[in-house]
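Take a walk through this model, from one end of the chain towards the other. Keep the sequence and the coordinates side by side.

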Amino acid sequence: MKTINKYVLKSFSSVFFIYLTVIAALIFINYLYQLLQPILLHKPNVTILLNLFGFLLPSVFSLTVPITFLLAVILTLSTLNENKEILIFHTMGINKFSYTKNLYLISIILSIIMIYFNNYVVPRTYKNFKYIYFNQIITKPFITFRDNGVINFEDKRIFTKKVKDNKIEGVYINNYIDKEIFQTIYAQEAKILTDKSGNLIFQLENGKVTTFNTKAPLDLLHLVFKNYNFIVHKSEVVKFIPVNKTFREMDSNELLAEFKNSNIEKYKKLVLSEYFLRYTLSFSILVFSILGSFIALKIKNNSKPLSFTFSILIITFYYFMLSLSMTIIERVDSIPLSFNAIFLVMQIPNLATLAVYFLLTIFYKIIKL
């Protein structure tokens, strides 16, 4: 039995590391293509480039590890099945779990490792990547507003949900007027202009302003507006470090702090969705191993093309469900602001994938009958 397990693990390991290198290289080339123009324009030295690409690698591996694991499981087991080796195992009285349990064990261990990796390593390295890109490659920093981006000024914090050209859909502004007075502003839409003096003008539409005085907490001022102008003065813009901080750059502790420091419900939901997203993607490895092994053992011919086909279908389905869960968080107001509710919604991709596995198992048993 040990010999068979070693054989299966050896086959899996070779496939996994080969395709991990190939897929990671393809994604890395895609990132490189996006960075190529500023690199050629500003011509940084080799050390800066090595640091830049080194800090980018964890973000690449966070995407490629689950995909590669799924492909490796399906390709390994389907090849063994096509070569009649699985049939030999069964003839010897070895059940399915005996030669797949090590794959499940690896998926559990790798999922646990990826929890820490996605929660801490990826955000911190991506933050360093952006710092190098803006401060050591782009010599003239500038302010850019991006999707799900957080920008910190001297006494203001601005979150932009979706950016299209010079128009933003969904703006959250935390404004500290002084030590006692705190103001939160939300607008469904906004345009950003710059006047002759260099001040930033936010033309806000359809929103609300809440002003809170710490010395008089009962005197809460709540205003609803159709049009409202909010100005960030030039002096604050000059002091601004030109790297807008997104959720992707925040580790889990920073996300929880962001959740506690905000009093805007929709924004808090988005923070929690990002927090639990990392756990969802981490445990996708375990879910992929369960569904992938089942499908692989049903493939008896054309193992390689069918393995790639099923892997693409599963990944497409998974990320469609992931997009659906994010959409639910953003648009369904009836979802309560609680850790359990947001966690459950963010687990829709994993639960849906497991549901497909159970349905296929039942369907296959019915067919055999």
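What follows goes through a few helices and a strand in sequence order. Bear in mind that the model is predicted.

Start with helix α1, which covers residues 2-42. V22 belongs to this helix. Is V22 buried, exposed or partly exposed? Its relative accessible area is 40%, so V22 counts as partly exposed, since that class lies between the 20% and 50% cut-offs.

Move on to helix α2, residues 46-82. This helix has a kink of about 35° at T64. Beyond the helix, look at the backbone of K84. This residue follows α2 and has a positive phi, near 65°.

Next comes strand β5, which spans residues 200-213. L200 sits in this strand. Its relative accessibility is 9%, so L200 is buried; the cut-off for that class is under 20%. Now compare sequence and space for L200 and E254. They are 54 residues apart in sequence. From C-alpha to C-alpha, 27 Å separates them.

Finish in helix α7, residues 265-296, at S289. Here the relative accessible area is 1%, and S289 is therefore buried. Which residues does S289 touch, leaving aside those up to four places away in sequence? They are F69, V73, Y104 and S107.

How values were computed. Residues numbered from 1 in each chain as written. Predicted model: local features only at pLDDT ≥ 70, side-chain atom pairs only at ≥ 80, totals over all residues. Heavy atoms only, no water. Helix = DSSP H or I, 4+ residues; strand = E, 2+ residues; numbered from the N terminus. Buried < 20%, exposed > 50% of the residue type's maximum accessible area, 1.4 Å probe, protein only. Contact = heavy atoms within 4.5 Å. Bend = angle between axes of the 7 residues up to and from the residue.
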